[in-house]
Amino acid sequence: MPGEALVPGLGVAPAPFRAADAADRLARLGRRLGSAAPEVVELCRMAPDPDLALTGVERYLDVAELPRGRDLVEALVLLTGSSRLATQALARDPGLLRRAARSPWVRRERPEASMRATLDRASRWLAPEDVDGLHRLLRRFAAREVVRIALRDLRRARVDEVTGALSSLATSALHTAITFHDRRLRARHGPPSGLEDRPPGAGFCAVAMGKLGARELNFSSDIDLVYVYAPDGTTTGDRPLTHFAYFARLAELVTESLSKVTEDGMVFRVDLNLRPDGRSGPIVNSVRAAELYYQTFGRSWERNALVKARPGAGDLAVGEELLGQLEPFVWRRSLDLGIIEEIQAMKARIDARAGAEGKDDLKLGRGGIREAEIFVSALQLLHGGKLRDPGIRERAVLRALDRLLFAGIVQARDRDAISDAHLFLRRAEHRVQMVDGRQTHRLPPPEERLGLARSMGYADVERFEAALAAHRDRVASLFSGLLGTPAGAAPLDPELALLADQQVEPGRRREIALHRGFENPDQALAALDALARRPTPFSRMGDPAAAVALLVEVVATPDPGQAIAHLSEFAAALKSPEPYFRLLRDSPRVLRQLVSLFGTSDFLSQRFLRHPELVDQLLRDDQVVLEKGLPVFREEIASRLATVPPGTQIDEAMERKLAELRRVKNEEVLRIAMHDIAGSIGLSSVAEQLSDLAEALLGAALQLAEEEARAKGRMPPGRLTVMALGKLGGRELGYHSDLDLIFLYPATEPGVVDAPGQTPAHILYARLAERFLSFLQMPLREGLLYKIDTRLRPSGNQGALVTSDQGFARYHLAHADSPQARSQLWERQALLRARLAAGDEALYARIRRDVLDPVLFGAPGDAAALVTEVRRMRDRMESEIGKEASRGKNPKVGRGGIVDVEFAVQYLQLAHGHDHPGIRSPSTPVALRRLREAGLLRDATYAALAQGYEFHRRLATRMRIVHDYGIDYLPAGGHALAQLARRLGYHGEDPGARLLAEYTRVTDAVRAAFLEVMTA
């Protein structure tokens, strides 16, 4: 590098002041310093960032005089011209400048033993319970050391000396906190048994992991720790604790002493997520418990983490004991395919990050620090267990590279390239973090990089960036050749890889989440972070390809935020999520179906999340079947009920069989919904399958009620007839629909009298119906089967639950032998949808012949009066129930809604059913087709009504499928309308507006067709 390009410390290449207020600051500085001002100004111009230096010097002068001695002024300018964090520290305690600049350790490395000795001496002056005093001591000592280390760094100390000094500071503070708090706990509970003659801190070790373990700590690093203790036992004082409880309390106190934010700041952030079982595990483990965990449950990423582990503070022998026990786990003697896959997964994750971050992130970008680190650790894990010479089992990157070179694993030029690049990148990382003390790895914007370039020793940005690019190119080239790429592996979506990565800055992830369709980025990040805390692909060392594959499906759903929230809830509901997410990784069909469900229907998702074991059903071959009919449902239900052994006691048998019926329903509704959401089946198929499923389950439940009644001597003389009306009657059931049912029974033959003491037949039928209803609505773990509505029975809620065939005839006919109906219009409209759902087929056939057909399709009456009554009812529903003027558009009872179609069809059936038997169908779509075939509807009128009915049913289904409650009104606009529109297949710009335009067109056509029918 040409000498004139370098600025060693405060060098020889001055730079101009650029800030808008620089002239005012210079004037103030001249007034305050007089003849000393020119020298200070010239030094500021030599600083990495002259404006930062000028501001920092002025702030220092607000609390102290200009220090005497050029070395102190140079140190002041160098620190303030590189770091706002240093400026804040000096403004809080100006004495730090002299202590740092004239420390005997400013020009040479300070041993950790020296730091510990200083803290030990100071801590002896603290009262035994002076926790606040300990916190002040640790924070003020850390501030002094950080300023000193920063000054050494800026004066070109070696990178390993800087990172080593920061690591020594962390472990020294840890050691002091451990001994202080252990002394307090011993005073309360006595020393742990077996440790009575040992000093405070014995038996407990803070194992250093990550950068602290490798002695490569940054200025803004967290410190990763795993707390362990030995042996097990009980303390020996008057208030004894188990060793676990004792050391858990010690771990909590030590963590607080380092990470708690006080008026003096904090020492270091503490991260305990690498402990056994992560955040779900205890804060401390015995050596034996930790060993059992790793040997039994340890995963490849934990092996990788343990490569850098070392006993950090406390009783180092305890840490050494644990690491010795774990050596066979970390360093495998045979080739481990699992670690190869894990390294490839880490490599894929880094490739994706690099693709998104480009050259702006020193750590995660292409050719960054992480690629250099993984290059080294991957080779260590692959070869560290097989070589006789264990020398490559080295924690620090640069020393590990030397060992790999000597072992013949890397070539000299590759070692040199990685080493030089790692040193350069880590130094740049320090400079970036030093400015504000933030845990960042991103380069400043191009217009602000001159200060960074000068602090790195370059006179201009161009030369710095050229050197940076050269280093990164060499690292990227070597990293790209590491292990190759798994066969068939596809590149990861870079943005989604960053979104899934907790190590990416929250602001960047929030920006990506918003860009990729998450309406509430903070909620999305919370869900992703919750997933990362469980053993899922999103965890610290999970499978990045699987995580991104999940997110690709998530962002393709109508509501990505809902989808990721439900995915997080799914993971939380599982005791062991890992095998389920592996299943999703290996089955793209199931993955897409499940995530589509989560992002489309909150209602169905909640049902699924209550029973996450249903994911197993998605793998079954019969789940691929698009459509099933009534015979298939009946056969499958019978097969499932047959799994309960015949001799089972009746109450237990009923409970098990009812649970089985609910499982069948849950599985089949899930299968139908999956195909519905995927667009594999149409609306009519959904309705027909749900209706057939309900009919099959009703039949099975009635048979169970009869089986129980026979077993307990309560069976009536005949069978009930269960008649369906409403949506079930028309085979148009939805996911939310209640079942409208009427219970009928055969009247006792004339002259037959119940025997004395015998329960009357009508009471037995009533008890059977009640038991049948309880079988359907009884809440079990698997949920309930159906909600039942019996209000359409004769006299509604005022009438008996069960009605005899004769009573039913008397209610609906003026005379039992007369076809003249006395039912009200709304009752006849309801009966148009009547059909047999379960029970006595012969009795239903008789009721159909003797009551329903005469009531509904007897001799035609006054058509004009019928029109008037239908119109009156329709207008009343629209005004009193619809209330569109005040509440918005109602697809069911509003103008041009479903009721317009249904009333038009029902009017035509009542008016012409006597002469045209073919139009007597309980299904509205079927009746529409037959009315057109009979010449009772023009083609254009039929098209308007049929298309309108299909549109409204699809709209209502989607509105109800989203939530676990009915929504009667169309959203007026905004996010809710846009989401609904996307669920209905409207895409592009402003899908909500397109849906509203279509709604207006459809309702206008339906209303026009309805009026045409009513006036024909």
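Reader: Which residues does R148 touch, leaving aside those up to four places away in sequence?
Author: R148 touches A100, S103, W105, R108, R110 and M115. This is a predicted model, and R148 is found in its helix α8 (residues 131-154).

Reader: Why is R148 called buried?
Author: Buried means under 20% relative accessible area. R148 has a relative accessible area of 2%, so R148 is buried.

Reader: What makes Q824 partly exposed?
Author: The label covers values between the buried limit of 20% and the exposed limit of 50%. Q824 has a relative accessible area of 47%, so it falls in between. Q824 sits in the loop between α34 (805-812) and α35 (825-831). Its C-alpha atom is separated by 8.8 Å from that of H812, twelve residues apart along the chain.

Reader: Why is the pair of F204 and F247 called stacked?
Author: Two tests apply: ring centres within 6.5 Å, and planes under 30 degrees apart. The centres of F204 and F247 are 5.8 Å apart and the planes are at 15 degrees, so the pair is stacked. The pair links distant parts of the chain, with F204 in strand β1 (residues 204-209) and F247 in helix α11 (residues 243-259), 43 residues apart. Both F204 and F247 are buried. They also belong to one aromatic cluster, together with Y227, Y229 and Y246.

Reader: What makes the pair of F743 and F772 edge-to-face?
Author: The planes must be over 60 degrees apart. For F743 and F772 the angle is 85 degrees, and the distance is 5.9 Å centre to centre. The angle is over 60 degrees and the distance is within 6.5 Å, so the pair is edge-to-face. F743 lies in strand β7 (residues 739-745) and F772 in helix α33 (residues 761-777), so the pair ties together parts that are 29 residues apart in sequence. The structure holds 16 aromatic pairs.

Reader: How do you know whether F743 and F772 are buried or exposed?
Author: F743 has a relative accessible area of 0%, so it is buried. F772 also has a relative accessible area of 0%, so it is buried.

Reader: Which residues have the most contacts inside the largest nonpolar core?
Author: They are F538, I564, F570, L661, L741 and F772, in a core of 99 residues. Helix α31 (residues 683-711) gives the largest share of this core, 13 residues. Not counting residues up to four places away in sequence, F772 touches L698, A701, L702, A705, V722, L741 and F743. A second, separate core has 83 residues, including L43, L137, L138 and L169.

Reader: What makes K665 a charge that sits over the ring of Y786?
Author: One condition is a distance within 6 Å of the ring centre. The charged end of K665 is 4.0 Å from the centre of the Y786 ring. R932 lies over the face of Y942, at 4.2 Å from the ring centre.

Reader: What is noted about phi of R215?
Author: Phi of R215 is near 55 degrees, a positive value in a residue other than glycine. R215 is in the loop between α10 (210-213) and β2. Its relative accessible area is 26%, so R215 is partly exposed. R731 likewise has a positive phi of about 55 degrees, although it is not a glycine. R731 is found in the loop between α32 (726-729) and β7.

Reader: Where is the cis peptide bond that involves P231?
Author: The bond runs from A230 to P231, with omega near 0 degrees. P231 is in the loop between β2 (223-229) and α11.

Technical notes:
Residues numbered from 1 in each chain as written. Predicted model: local features only at pLDDT ≥ 70, side-chain atom pairs only at ≥ 80, totals over all residues. Heavy atoms only, no water. Phe/Tyr/Trp six-rings, centres within 6.5 Å; stacked < 30°, edge-to-face > 60°. Helix = DSSP H or I, 4+ residues; strand = E, 2+ residues; numbered from the N terminus. Buried < 20%, exposed > 50% of the residue type's maximum accessible area, 1.4 Å probe, protein only. Lys NZ or Arg CZ within 6 Å of the ring centre and 35° of its normal. Contact = heavy atoms within 4.5 Å. Core = buried A, V, L, I, M, F, W, Y, C linked by side-chain atoms within 4.5 Å.
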